[in-house]
Every structure is written in C-alpha cells, then in structure tokens.
Amino acid sequence: MDLSGKSYKAFLERQEARKKQFSRKQAEKQHSKGKLTAHERIRMLFDSGTFEEIDAFVTPANQPVEFGKVERTYGDGVIVGHGKINGRLVFAYAQDFTVMGGSLGFIHARKIAKIQEMALKMGSPIIGMMDSGGARIQEGVASLAGYASIFHNCISSSGIIPQIAVIMGPCAGGAVYSPALMDFTFMVNHTSYMFVTGPNVVKEVLNEDVTFDQLGGAEVHAQKSGVTQMIYDDEENTILALKKFLSYLPSNNVENPPVIADDGSTPDVNEKLRDIVPDDPNKPYDVKDVIQLVVDRNSFFETAELFAPNIITGFARLKGKTIGVVANQPKVLAGVLDIDSSTKGARFIRFCDAFNIPILTFEDVPGFLPGVDQEHRGIIKHGAKLLFAYSEATVPRITIILRKAYGGAFIVMNSKSLGGDFSFAWPTAEIAVMGPDGAVAILYRKDLAESKNPAEMKKELVKKYRDKIANPFIADELGYIDEVIDPAVTRKKIISAFAALSNKWVKVPARKHGNMPL
Amino acid sequence: MKINKILIANRGEIAIRIMKTARLMKINTVVIRTAVEPNAMYLSFADEVYDNTADDSEIPVFLNIEKLISIALKTKANAIHPGYGFLAENAYFAQKCLENKIIFIGPSPDALYKMGNKTIARKLALNNGIPMALGSEGNISNEEEAVAIASKIGYPVIIKAASGGGGRGMRIVRKSEEMEKFFMIASKEAEKSFNDPSVFIEKYIENPKHIEFQILGDTKGNIIHLGERECSIQRKHQKLLEEAPSCALDSRLRKKMGNMAVRIAKAVDYYSAGTVEFLLDSDRNFYFMEMNTRIQVEHPVTEIVTGIDLIEQQIRIANGEALKIKQEDVKIKGWAVECRINAENVQAGFAPDPGKIENLSLPSGQNIRIDTGIQAGSSIVSSYDSMIAKLIVSGKDRKEAIKNCKIALDKVWIKGTKTTLPFFRMLVRNHKFQDGSFTTSFIEKDLDRYYFNSEYEEMLAAWLATKLFVEENLEEDSIQIDFENSKVMSPWLLNKRVNQF
Amino acid sequence: MNDKLRIKKLYALSSENRKFSFSIPLKNKIRIGKRDYVVQLRADEKHGTYILWKNRKYPVEIVRSRQNKYEILFNDISYTFTVETPFSLQRMKVLNSKKGKAEQELLKAPMPGKIIDVLVREGATVLRGEPVVILEAMKMQNEIQSPVNGTIKSVMAKANTNVMKDDVLVEIKVE
C-alpha cells in the first residue's frame, strides 16, 4: 500500500481529528474536579498496551434530534473495548464526562450494549465505569431505549459473567439501574453520587433541602442503602482495589477462579485461634481476627464492610484458591441476624453459587433481632432470603460454629440439614434451640415464680443449662455437626474438607427458577 | 524471727520487691493469683501461690479484708505486707490483723487512723508547732478581721469566695497594706458572681516544690528520717519522676525539715516506714501537707542514696526489733532519679493505653535499678494501674544521674502499648528540669512539648507509611497467577457444568 | 512495573500537614543533605518489628491502616499519615477548596441502651468504620462505628450512663 497515498492520508487525518477532540483542556476540566478522564481510568485499569478500543469513531451525527443540538463527537462520550487485567481478558466501558457530560444517547448506549454482548459471548467479565450526566435529553425517547437495552443485557449476563460497576461521577435517574443489576458496585467518595430523583426535584416536590452527597453520596450508599459494596477516597485507590478484587473471580460461570501461587506463609495450625473467643459468653470479639488467621495471609477482601456490619462477607483464599466467606460479627449487635444482614448475606451467597465459589461460614449468632421495627418491615421474609440462598447453593459449603448457634438462626446459617456439606464446631460452641436465659425462663417459669430467691435460682439453672445443653457435644453425638475441633487446626480441617468437596456436583431441579422471597 | 511467712496483699512490682527482700531474710512468702492476671510475673517469685481465680465477687481480693485474713489463716502466714495502695492505709484492716494475731507490716491502727484523717492530722501538726499552711477557720466578716487573720497566717495569702470558684472573688495579697483594698474588691466580686460576698483567707504558697521525707520508726519509740525526695514533677497530682535528694535543700534546711518530719511522726508514736509531705515555697519556707503511712512507690531513690533496704527495715520493725540505725548514721551519697514508665498515651493527655506487652527489653548496669512486675507477654489491665516499670538511675551527682538517665531511657525497648517514654526523654533534655528550678506547676504550665523525638524520626515513619502503601497497592502485578493450576478441572465437573443447562 | 500507573512520586502527609515526598520505585535509602542512608524494615523474636537506620534500631508498629491512611508508632511516638499520589493530592486540594464550612457529623445512638465504653477522646482521629462507642442494648454489646473519616470534636457519651435513641454520642469534624 502506498503510505503517501490519499487513503492512508485520510486515515491519519481522521486519527488526528479524534486526538484533538480529547484536548488537554478537557482533561484539566476533569482534573479540576478531582476526577480522572475516562482514558486515564482505562489506562490505569488495564495491563499496559493491552487495551483495544472498539467503535472509537462512532458518532451520533445521524441520530434524530428531538430538541436542542447535538455535537458531532467521535465515540459519543463512552470508551468501550477489551484488554487484559493481570493477564486475563476483561471487557469494559468507561463513560467520558468531558464529552457532552457523558450523557447517554442512542449511539452511546449501543456501544455499551455491543460490548456487553461481546463479553457474554466470550465468557469474560465486564466492568462499567459510570460518569454520566444521565440520559441525553436532546435525543428523547431514543436515549431511554438505549438504557433499556443496557439493562436487558445486564440481566441476560447475570450469573453468567461477573459484572462490576464503578461509579466515578454522577449516575442518576434511570442510569442507576445498571449498577443495581450488576454484581458488585464500587464507588469513589465525594466525587460520585447515585440517586433515582435528584435534590432539585426532592426540594421541589417535598421541600426538603439535601445535598448531592447527603442524598446519594458514596458513604450513604455504602452504609445506609447497601447499594454500594466498596468505597474509596480517591480514584486511583478505587481502580487498584478493583484490579485486586477481580483476581478473586472466575471469568464466567463454568470456569474456576484464577489460582494464586501460595507462598505457604500461613501456618496450617495456629494456637492463637484458641485465644480469640472469650470465656465469658456475653463478651464480644472480632470475628475478623478468626478469619485472618484461617485464610491465606492478607487474602481477605471484605465486601460491603460498612453495611450491616453485624454480618461479614468477602472473598479470601485457601492455598491460593478463592472462597467466599460469610461470618456473624459478635461485636456488632451481638451478631444477630436482621433485615439488612440477611439481605447482604443472601446476595453474596447467590453470587458465589452462580460462579462456583465455595462458601465458608463462621457462625456465632444468638438469633434474630427482636422488635416491632424488624417484624413490621418483614424480618420474616428477609430472613427467609438467607435461608433460601444457602439451601439453594450447590457449591461446597462448610460451616464453623464458633460460639452461639441458637434456634432459627442456627438453621439459617448453613446447617447440615440445609445441605451444608461439613459443619465443624469449636469447643466453645453452644448449639441449642434457645439461649440459656430464654430457655430457663420458659421451662422453669412456674418454679421461678414460686421461688423465694428467683435471681439466685435462675443463675443456677442457667449454669446447669449451659453445662448440659449449650455445648456442641450433643449435636456432635447426634450427627448434626461433623466434628468438634481444636480451634488451632481450623485451617487444616477446612482445607482438607474443601479438597474433598472439589468435585462436588448437585443437580439443580429442572425449573425456570425458584420463587425466592424478595 | 517471729515472722516466718508473709502474705503479700498486693501484686505487680511491689509484690516482687517485697519478695526479693523476704528471700534475702529467708522468710517464706505467699501471694494471691487472681482471675484478672492469672499469669502475672509476681506469681513466679513466691514460695507459695494461693489460687483465687474462682472468686467472682465484685470486690477485688486486695480490697477484701475478710478474704485476706482468711487466706492468711489458711496459708498459715503470720504476717501481711499490704504494699502500697489497696488496704495499705486502712486502719480497720490493720486492726483486724491484730485481732487475728497476724502481724501487720506497717504502722499501728491508731497512727493509720489519725494520719488518715486530715482534720486530726492538721490539729496534731498545729499542736506540735509544725509549720503549716493556715487558713481562717471560717468566713471573714470585715476588713479588720481580714488584716488580723492575714498577719497571723503570714503573707502572701489568698482571698477566696466562699460560694464559688473559677477565679472570681479570688485575690492574692502580698502586702498587709493591700489587704483592705483587695478584701473589698474580692467581696464585691463574690457578691456579683455568686450573690454572696462571703470570703475566707488561706495561706498562698506560690509555685511550691513537693518535698517529702522518708521516716523510719520502731516500736521502742525511736524515729529517724532518711532524707528527702523531690517529687515536684507531677501531672494532675500523679507523680511521674522523683529524685533523691532535692537540689532545693541544703543540709541546714534538710535538718530543719527532717526534724519536723520526725516530730510529727512522734506525735502519733509512729513505727514502720512512712513519708511526711511538705510544700516548699520560693522563699524556702516549708509547710506540712500530710503524712503517708505506708511504703511508697518512689522508695527506691531513698534506698539508693542511703544504702538502706526499707522493706527489710519494715519487716524487722514489725518483728519487734529495735532500729539499729541512728540519725547520725544516715548519710546521703550520690543522686538517684526514678522514672515511672506507664502504659499511657502521652499524645492523648496521658490516657491509659492497656494492652499486651509483646517485647520488653530494659537496660541494666551499675547505675541502673529496675523495679518491675511486667515481662514480655504480660498484659497491662485496666483494673490495675498502668505501670510497666520503674527505671531508677543513679550518679555521683545530679548532673551525672540525669546524664545516665538519658542514656538508660534510650535503651528501653517496649512494644505492645504506648508508653510515657517519650515524655521522659523530653524531660531529661529540658533546661528547667536540668537546672532544678521546676515546681509543681512545671508540667501543666512550663512545658510546650510533652514528648521528644529526634530529627528524622517523623520522616522515617513517613517512609514506612509510604512503603506499606506501595506494598499494598503498587505491587499488585505480583499477583502471581498459577497458570498450571488455574485451568485444572476434572472432566467430571467440567462436563456437568457445561451440560447443566 | 507500574509504568501503567505512571506514579513516579508519592507524598506522605502528616496530620500536621507536613509533606514528605518519596520517589517511586521506593528505595531503601533516605537522602539527608548529600548522603544517602540505608533504611531497613526488619523483625525478630526479641525486638518485634523495627527499623534499622544509621546503625540504630527503632521500635516500630503499624497501629492501624485503612486504604491510604496509616498510623505508625515510631520510637514510642505516634504519627498519622495519608499517602497520596500526585493526582490524589491535587484532588484533595480541589475537594478541600470546595468544602464551605467544616462539616459536622453527629453520631447518634441507634437504639436506647447503656454506654459501656467510650473509645475516643476529643481531638482523636477516627477512620470510617472504626468503633467509637460500645453500647449495650438488649443485653448485647454493640460497637457503634464512625461513618466518616475525621476528628472528634466533642464527646457527649459517658461510660456507665444510659442513652435514648438518637441521643448524640460524639460530634465529629469531617475530614
């Protein structure tokens, strides 16, 4: 081909024109807000030189405009493509706020839909970096249709490839459903927000004054609504964390997650585990101390840390292999289950199940949170979600009972009767229908009422109950748990149990899908 | 010796201190193990350990008189040493010991009672001509009375409002000519602020030093003093550093104050070890404050400069022996400084920082004495005090002692809790401390820095923070994917997964 | 290695706003004047973790770390640093200039109960998610966590007192 010829020249001119579009001035505008540009984000996310952009020259020029004016820009405000992240193929799209405010028009949406379809065909994870002013009003209904196609693709891919949303700017109105439909949402603090109706409308309709941050900032979603699972104080940390997070996940629902070379630095037997649960059953401890000693050193990546802190969820590794961890947290609300923690746990478990990630559960739960508020808001159906999720999961499931395991909560937390594969208990475990105080109050109500010194009598009965029933030995003898173990060997036991379960296969019943309580 | 077994009703470093001397005197000791610290260091020094870990009562055993007596009887200990704190100054406890024929290693119940009651103690001091900070016994009704009482007390005096504080209705008067004027001003201000013009007058001791004298007395009426300790380095009335002797005293003043200390002790027929506290003002006038009827935390500095083992003396005295040491035998040689190293966070206002001591390395040497109840692996528990160790350093004079202290402090290595080490490192380099001109208000008023760090320490810490950041975030490409094992899946499983839908 | 990130410099900002800059890749050397001195992070049984510098060992401990914030106890003195890249430093300046008056966060009791322990004092820094108060309610001990990064402006909660729902426990000045 003649490199000085007309066709090659035109090719180069076009390249130049597009480069000019992403001027330094535009980048500075983003930077002045403390944000990176879409290009910078992509560059940071992917292994250098591996990102291939698709549809870079697509423009909305020929789109019908209902109202106002639309600029002819290459790319239509979104970068889509594929590349390698830590050596593995991943698809991504990053909305470009510097181009028409990153607004979603028909072409912009079509690009995203295209990359979603590709990711699904290739069985690779997809990442969406949101930074958009919302639907492009100028294009009217066509932009709405654009959103719909994106949502539809999210749903078609759900449970087949991991989908991760990263909110790095505004994401409002209908746009929020995209992250809501995806598997995990990361958010950058202070420079991003998500809400269905913005503060202006809230002020107009309800006369309530609220800032963007207060209504839908990262902290709000991480702590109150649970819409976001991971938040970071700046973009670089967010992207670095995202890359780390991806290393725990498989590319699709048929493959296993990548195995990381294990440096062998975590001891399989650790006596420190014996000192964590206090002797006093009413004293709390941090279950993360247990998790850190059992999984591979530094491999625990917590998700949704700030939401429902009475239950811990996250990924970890055992000898380099990914597992999902669910644990009751005794130092928050004594580790009870409530609406938020049931929902948090259930969603996490279902993700693990969809993607063949084995689940390790640490149990220390005294029951469900009592109260009118919980009952009226439906703890019944929300608690049932957790039960459903565990029971439905066909991945290997192991439970370690650390301390309390009472009543309904005991059943819910992956008991053997729900199909849990192995249940181990520490000697400090108390497995019972009900805690000692409650049980004694009911069983000996009459005797206590007639006693001269009820407080003293109750104290003695509680001690007797605890000695007799609230320990794991009965459950062990009846086969409801598999073994009472020395806490020091927990890691060793779990690793060999999961090894035994590595080929676990359970046929799911032939049905469209169950009717999970929602 | 009558005393053949001592029950130590205490824990930590003082328990070990007592046991060290008891061992030298070939007397058996028994200590108590508590549930709070079942593996404490002091337990391994005793000949016998009484296990009290099953005790779940609200009252800690060291404050439980009945329990302590019963333990002594059970273990056949015929003497109890209460240490300091807890029940050491409890007259009732001493009485109970007596009734149960257990020798209480300390003063008589009567002395404990009298000196424990501030009113009685002050009256005794007054009646024995001990210099004291006097005050008007009630409110002053007019200027004439004010002038009269003030001249009796001695200027400077301070006028205080009877019904309130906060500096209002308060005036310091240094000259008798100003008394009338200030009296009027103070009354008027008091009336305006508290609706009550009543005021009273007290001796005003300006920027005092806290000087205390160590007393030893026997049951035969012999009482001597062992010189003074300088204890002005205090924070919120807690002593942090003590010295023996004090650079504020010359031998004349020492003799004068020492005699007063002995005199007040004689007024209650005192025996055993005790300490008489004085305030010394900038004009070298001293005023009796109170008497502590126990062995004190800072006793080591006196032991070092006098060469006398105070615990041994206490035991002998309790045993009924007469004091072999005469006043003229007591010689003060050299200088000693004691730093109380506590598990406290200096940067957080000395807030206690309980926790487990992971690593502990304390210096040793000719000039160094360490009194501690903590070893690597010990826990500092909030139910007891936050003391890690007493670092006592000596020298031939004050300058050398401080220099040796500086060197020793740099050799202390404690990891596991925050400590007061940076405070002492600052103190030994502080000019006012070095020249000895500090008073009890030194810590609260004269310091603008509470800790010492040398150049580059902050930069090294910053380097470490950056290193951690780099390791956690920028070295992620070392996520080494084990490609060999990544794609391994048994055909059994792969087949099922693929065909499931 | 990390050319893709193009981070050539990192800044460690102390809580008193002193800035220490280090070039990346991070060397085990620190330059004072014209000389480079080797600095090493080590650990052994006797000393625990320590830093070796100019032939002297300094005890060192990582008290807490969260994302890019670190509290380091160095030779018994505690320092708090935020590690920033050049971009995130600029971002911080932008965000700080946008913030009008200092934001306040009132941490309220989520339910009635008894304060068992107050874990912070005035002036202490807190990180998001860190426990601030232990509240006992319905016989359960509950950690009340800080929702924001910031400094404690005032402490209303007192140990061993009872509180009602929505009583203010601490006031936090948001970072």
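Trainee: Which residues of helix 9 of chain A are buried?
Mentor: Keep in mind that this is a predicted model. A residue is called buried when 20 or more other C-beta atoms lie within 10 Å of its own, and six of the eight residues of helix 9 of chain A are buried, so the helix is largely enclosed by the rest of the structure. What covers them includes strand 7 (184–188), strand 8 (193–195), helix 8 (212–216) and strand 9 (230–232) of chain A. The buried residues are Ala218(A), Glu219(A), Val220(A), His221(A), Ala222(A) and Gln223(A).

Trainee: Which elements give two or more residues to the side of chain A that touches chain C?
Mentor: The contact draws 25 residues from chain A and 21 residues from chain C. On the side of chain A, the elements that give two or more residues are helix 2 (24–32), helix 3 (38–45), helix 9 (218–225) and helix 10 (235–246).

Trainee: How many residues on that side of chain A are nonpolar, polar and charged?
Mentor: Sorted by class, the residues of chain A that touch chain C include seven that are polar.

Trainee: Turning to chain C, which residue stands opposite Val126(C)?
Mentor: Four strands of chain C form an open, antiparallel sheet in the order 9-16-14-11, and its edge strands are strand 9 (104–108) and strand 11 (125–126). Two bridges join strand 11 of chain C to strand 14 (residues 150–155) of chain C. In strand 14 of chain C, the residue opposite Val126(C) is Gly150(C).

Note on methods. Residues numbered from 1 in each chain as written. Chains lettered and ligands numbered in written order. Predicted model: local features only at pLDDT ≥ 70, side-chain atom pairs only at ≥ 80, totals over all residues. Contact = placed C-beta atoms within 7 Å. Nonpolar A, V, L, I, M, F, W, Y, C, P; charged D, E, K, R; others polar. Buried ≥ 20, exposed ≤ 12 C-beta atoms within 10 Å, placed from the backbone. Pairing = 2+ DSSP bridges.
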